[in-house]
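Trainee: Hi! Could we walk through this one together? I'd like to start with how the strands pair up.

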Amino acid sequence: MSEEYGELGVDKERLREVGIELDESKRSGTYLQEDQEAKTFASFFEGVEVMSIQEAMKKYEWVKDYFWKILRRDQDEYTREADTADVNGYFIRALPDAKVEIPVEACLYLKKAGKQRVHNIVIAEENSELNIISGCTSHPGVAGMHIGLSEFYVKKNAKLSFTMIHSWEPTVEVRPRTAIHIDEGGSFISNYILLNPVKLVQTYPTAYVEKDGTVVFNSIIVALEDSVVDSGARAVLRGENSSAEIVSRTISKGGKVIARGHIIGEAPEVKGHLECKGLMLSENGLIHAIPELEAKYPNVELSHEAAIGKIAEEEIFYLMSRGLSRDEATSAIVRGFMEIEIKGLPDALKEAIDRTLKMAEKDLL
Amino acid sequence: MGILRVVNLGVEVGEKKILKNVNLFIKPGETFVLFGPNGSGKSTLLNAIIGNPAYRVVSGRIMFKKIDVTNLPTNERAKLGIGIAFQNPPKINGVKLIDVLRYCAKVGGHSEETILELAEKMKMTDHLYREINVGFSGGEVKRSELLQLMLMNPDLILLDEPDSGVDLENVALIGEAINELLERDKDAESREKSGIIITHQGHILDYVDADYAAILYNGRIACIGEPEDILNQIRSEGYEGCMAKCLRNMENLE
């Protein structure tokens, strides 16, 4: 398996950093796209389909109905730019009632200079369970732009978890555009992790949540010197008794972070909570937390908490009194800060996240 | 030979001078109880001994095991064998009790097995994977602090109000743990561990039998004597009365 990827000429170390294993025993499906070309894709599990969107369009007449259904072509210049004939991306679908615990991996690899245009469709059919890890990265030294459009459909009572790890270059600009539709009783968990330098990331996924549905957005973001990360999540609670949780941990070490969150309650008995925590690790840099709550119905429960600060000296001293050096104590506290308890995630994905966090520590401290 | 020798110590916090010319000498195996009204500088003294950077030593020095530790970073002092149980330790998000216990076990040379064993003994097993001090009750904080010290196995043990905010049931367990840490369960001759205990109310003295007590007053140490005598005097005459008596007795020395 890995030799095959070797022939594909991608940097395997980079893939590992973003959780791509290249190991059939650890994944239930795989997809690898380099620039516009789907280099390889396969499903190793009966209940899940993994292919390129171009292939899916050929195979299923109905796929086009999911294309540009919850994202708008004319949303902005990037959606317009990605609306081309050579656009490619992954199509991942869990069949009705299928329980796909082992994650499907999908990798988008920017290899040559220029623009990568991606349009993905993910469908978790009724009562299915699907876990995806998506790693987006670029070839060492490349400069360019990644425009990644994604439309997620979580059908009735389905569960979808989507863990995305980004690792770019300081010369790469990244513009994901994401929409998620969660049908009655469905749940969607998104984990977004960005720890390496990047020129710019600008992303603001929107989830539309129907009756009894839930959405959770977790993000862990580090902005190093010269990086600009404008990241957020929006939940539109459209159905009765739907809920949303948006949690972000952002760290600036010289870079600029805008941490947005927006919950809109427009049905009875909806619940939403927003939590933005920021840690400033250097004198320069910036963290701007913008939590927004909007109620369009009287019977809603929406709350937020936002806090930005530096590492408390008292905490460093406490750990030093237990034998840690100042650097070790600082590192333990930063690691703790980035820890978000993520419920309902398979161990394989927890491991991938932990590994990525460990790798990033070196740059951070 | 002393384990700790504090000489003419002056300490400032911010712009304020808290300790002036404090002198203290502790031999191996000796346990000292430190009394004093709020704000007299008891916690300041312990923080200065462990090297909290917020407490600035402006005069004098601190000798530990014949080494001048006055300018050593806190972790070096911990490795030399000074351990402290804080009165109000900070909560650290994302850092679990078990993580900190492992750091402590590394200092004391203890195994993972011992961590679990001692956690059981201190009734902290259920808290191992919780964020340290987050949502811990008063008693749980104190038990966690002592558990950390047990794993560090220090030679000089600094206990800042180990009995404050602790219910009676916990005071017994805490007293037992302190006796073990300070080897009070051994013969006086074979004791090697030394300690300084700050206690406001003195409850812990029902369980722990210390060698000496002193009163810290106005940034100075005064009234060294039997712990029970001093505690009784403070209870009957207050710090002021107790000090007045002490100072009268000390007039000839001045």
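Trainee: Okay, which residue is the bridge partner of A:Ile92 in β6(A)?
Mentor: A:Ile92 has A:Val122 as its bridge partner in β6(A). Keep in mind that we are looking at a predicted model.

Trainee: Got it. How many bridges join strand β4 of chain A to β6(A)?
Mentor: Four bridges join β4, residues 90-94 of chain A, to β6(A), and the two strands run parallel. β6(A) also pairs in the parallel sense with strand β8 (residues 144-154) of chain A, over eleven bridges. In that pairing, A:Gly114 stands opposite A:Gly144.

Trainee: And is β6(A) mostly covered or open?
Mentor: Mostly covered: β6 spans residues 114-124 of chain A, and nine of its eleven residues are buried.

Trainee: Let's jump to β16(A). How many of its residues are buried?
Mentor: Nine of the eleven residues in β16(A), which covers 243-253, are buried.

Trainee: Which strands does it pair with?
Mentor: Strand β14 (residues 214-224) of chain A runs parallel to β16(A) and is joined to it by eleven bridges; there, A:Ala223 partners A:Ser252. Strand β18 (residues 270-280) of chain A pairs with β16(A) in the parallel sense too, over ten bridges. A:Thr250 stands opposite A:Gly278 in β18(A).

Trainee: New topic: how many residues does each chain bring to the contact?
Mentor: Chain A brings 20 residues and chain B brings 23 residues.

Trainee: Which element of chain A gives the most?
Mentor: α5(A), with seven residues on the side that touches chain B.

Notes. Residues numbered from 1 in each chain as written. Chains lettered and ligands numbered in written order. Predicted model: local features only at pLDDT ≥ 70, side-chain atom pairs only at ≥ 80, totals over all residues. Buried ≥ 20, exposed ≤ 12 C-beta atoms within 10 Å, placed from the backbone. Pairing = 2+ DSSP bridges. Contact = placed C-beta atoms within 7 Å.
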